[in-house]
Amino acid sequence: MAAKVDLSTSTDWKEAKSFLKGLSDKQREEHYFCQDFVRLKKIPTWKEMAKGVAVKVEDPKYKKDKQLNEKISLFRGDITKLEVDAIVNAEDSAHGLPED
């Protein structure tokens, strides 16, 4: 395990990453900024959400992708509370706020 790092003051992300990788899930949770985080395992996948829903589509525009349906989830809430490694803003600057 890497040497203990004070995550509240450390500015070296590589050092922090090395430290966190050496921790168990439970130990890592102690360093979270919020205690009411949402585990990805708790968010149902697209496939799980669709179980029991019968929608009749005459001629689908796209083919079903079973593998993809087992990976995609919809989440409505505070994304900063998701237990993930990173959050990326994929905004299209052509449709976003004007640049300075």
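Predicted model: local features only at pLDDT ≥ 70, side-chain atom pairs only at ≥ 80, totals over all residues.

Student: OK, in what order do the elements of the protein chain run from the N terminus on?
Tutor: They run α-α-α-α. That is 4 helices and 0 strands.

Student: Where is confidence lowest, and where is it highest?
Tutor: Helix 1, residues 13-21, is lowest with a mean of 85, and helix 4 is highest at 88. The protein chain averages a pLDDT of 81, and 89% of the residues score at least 70.

Student: How much of the chain counts as buried?
Tutor: Of its 100 residues, 8%. The accessible surface comes to about 9,700 Å², and carbon and sulfur atoms hold 53% of that.

Student: Which residues make the nonpolar surface patch?
Tutor: Leu40, Phe75, Ile79, Val84 and Ile87, over about 410 Å². Valine 84 lies in the segment after helix 4.

Student: Switching to threonine 80: buried or exposed?
Tutor: Exposed, because its relative accessibility is 57% and the cut-off is over 50%. Threonine 80 is also in the segment after helix 4.

Student: What does its side chain join in a polar contact?
Tutor: The side chain of aspartate 78, at 2.5 Å.

Student: And how far is threonine 80 from phenylalanine 33?
Tutor: They are 47 residues apart in sequence and 9.8 Å apart in space, C-alpha to C-alpha.

Methods:
Residues numbered from 1 in each chain as written. Heavy atoms only, no water. Patch = residues over 30% accessible without salt bridge, like charges linked within 9 Å, V, L, I, M, F, W, Y side chains within 5 Å. Areas by Shrake-Rupley, 256 points an atom, 1.4 Å probe, with all protein chains shown as cover. Salt bridge = Lys/Arg side-chain N within 4 Å of Asp/Glu carboxyl O. Helix = DSSP H or I, 4+ residues; strand = E, 2+ residues; numbered from the N terminus. pLDDT = per-residue confidence, 0-100. Buried < 20%, exposed > 50% of the residue type's maximum accessible area, 1.4 Å probe, protein only. Polar contact = N/O pair within 3.5 Å; in protein donor to acceptor, adjacent residues only side chain to side chain.
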